[in-house]
Amino acid sequence: MTTDKRISPLELSAAEMREAVDLAMEEIVAHIDSLPEQPSFDTEGGEELARSLVEDPPEEGRPYPELLELLFGRLVHKTFNAAGPGYLAYIPGGGLFQSAIADLIADSVNRYVGVWAAAPGLVQLETNVIRWFCRMVGYPEEALGILTSGGSLANFTAVVTARRQLLPDDFLRGTLYASDQIHHSVAKAAMLAGFPAENLRLVASDDRRRIRMDLLAERITEDRASGHTPFLIVGSAGTVNTGTVDDLPALDELARREGLWLHLDGAYGGFFALTKRGRRTLAGLERADSITLDPHKGLFLPYGTGCLLVRDRAALERAHHIEADYMPRMQEDADLVDFCELSPELSRDFRGLRVWLPLKMHGLGAFRAALDEKLDLARWAAAELGKIDQIEIVAEPELSIVAFRWSPPDLPDEEVDRLNRELLERTNARRRVYLTATRLDGRFVIRICVLSFRTHRDRMEAALTDIRAALAELRG
């Protein structure tokens, strides 16, 4: 006869743990299996649903199956289906199930990985992941970086690192430069790093939507002459609007000549460097002082997995090192990593496992092939759209984004914008795909972003079928 040794009501028995996981797995497997048939989005009645969930904190617990029913019966499906094959909006995040297994393991063993001494082998796995990424972009052996919650925190950390490397403690004359196509997280990073909003100089882009090098150089010269201290250029290695890649070698040449830090936002586009075509498009990526990558985009991992790589590990350490009596430095070996010395975080989850496990299970080749497929699908979509009368390809895909617009002649821009909004709404209303829009040169344009490991040719054909059908309705 066994005795229940639990001393806390929060502790589950072995049988209860297995049952809890089994019940959850029934729901999860059914959900993933049904992703292709689920609508691309369903948020109708979302406000009423959200308001119905407002409640006081519970004093007594509820049965676990009842809570699963709430999640999977009422809440999970009232969302954008970002893990489904028809999600061609914003920048998709794939949500590989293999990473969910890794998170279950990491959260269950609950080991601290902020310092090497606390979990040497586990920290080494995460260090391996960072060094694989460094090798992928062409960085030298001494480079390193950190995994973050996403590109926004990576961009913020890059701005702070550059600021502490190149500016004095009184840094408010420091100026930053980026194109008018840069992700808004750069402006937020500058603000959070303590800079007035006007210190971020947004430089106009050219007809390919790349930062204009002539205007950038002029603005740096003007700022120096007026007593400012230029210190950071942020370039795009794949913009959200169109997937455009700046002239990276030219940015590097200007940054070196002017003594500025060059950071590249490759949150969306950086992992295309795994492919031959992507490496050509991203030529010069390896020259940057720092690079943002998002594994939850280009490696199809769950949301909450970003990365910052820094060419000079020492710069990252100088920006983040601080001492406390209760946290003495535990080791000085350059081969071993204390992530708390490289990052704003002291307490953190073991997020490296959610990257390491799928990479070890499948190898880079599987991810490379999937990324190549996305490049092919974007080009196929652009070619098919180009065959439709009065469809204008506003931005040909450099990577896996294509931007287009219905341009009927002899109509004012406002009316054409209205028609394109209607085209977008009618296409999405079929709920096989979900597209989003942006504004380029003041015009409303529709964009397709292909970046899910579940999106294949059949779903792209469905997208084109729905766009053609919506056009036919509007044309009467």
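Visitor: In which helix is the place of V109?
Guide: This is a predicted model. The helix in question covers residues 97-109. V109 therefore has its place in helix 4.

Visitor: Is V109 buried, partly exposed or exposed?
Guide: The relative accessible area of V109 is 38%. Buried means under 20% and exposed means over 50%, with partly exposed in between. V109 is therefore partly exposed.

Visitor: Which residues make the nonpolar surface patch with V109?
Guide: The patch has an area of about 210 Å². Besides V109, the residues that make the patch are I101 and I105.

Visitor: How is helix 8 oriented to helix 9, roughly parallel or oblique?
Guide: Helix 8 covers residues 213-225 and helix 9 covers residues 248-258. Their axes come within 11 Å and cross at roughly 15°. Angles under 35 degrees count as roughly parallel. Helix 8 is therefore, relative to helix 9, roughly parallel.

Visitor: Is G306 buried or exposed?
Guide: G306 has its place in strand 7, residues 306-310. Its relative accessible area is 0%, and the cut-off for buried is under 20%. G306 is therefore buried.

Visitor: What distance separates the C-alpha atoms of G306 and A255?
Guide: G306 and A255 are 51 residues apart along the chain. Their C-alpha atoms are separated by 25 Å.

Methods
Residues are numbered from 1 along each chain as its sequence is written. This is a predicted model: local features need pLDDT of at least 70, side-chain atom pairs count only at pLDDT 80 or more; totals for chains, interfaces and linings use all residues. Side-chain values use heavy atoms; hydrogens and water are left out. Patches are made of residues with over 30% relative accessible area and no salt bridge: like charges are joined within 9 Å, nonpolar side chains (Val, Leu, Ile, Met, Phe, Trp, Tyr) within 5 Å. Accessible areas come from the Shrake-Rupley method with a 1.4 Å probe; for residues, only the protein chains shown count as cover. A salt bridge is a side-chain nitrogen of Lys or Arg within 4 Å of a carboxyl oxygen of Asp or Glu. Helices (H or I, at least four residues) and strands (E, at least two) are DSSP runs, numbered from the N terminus. Buried means under 20% relative accessible area, exposed over 50%, partly exposed in between (1.4 Å probe, protein chains only). Axes are lines fitted to C-alpha atoms, for helices over the stretch in contact, and angles run from 0 to 180 degrees between N-to-C directions. Angles under 35 degrees count as roughly parallel, over 145 as roughly antiparallel, 65 to 115 as roughly perpendicular and the rest as oblique.
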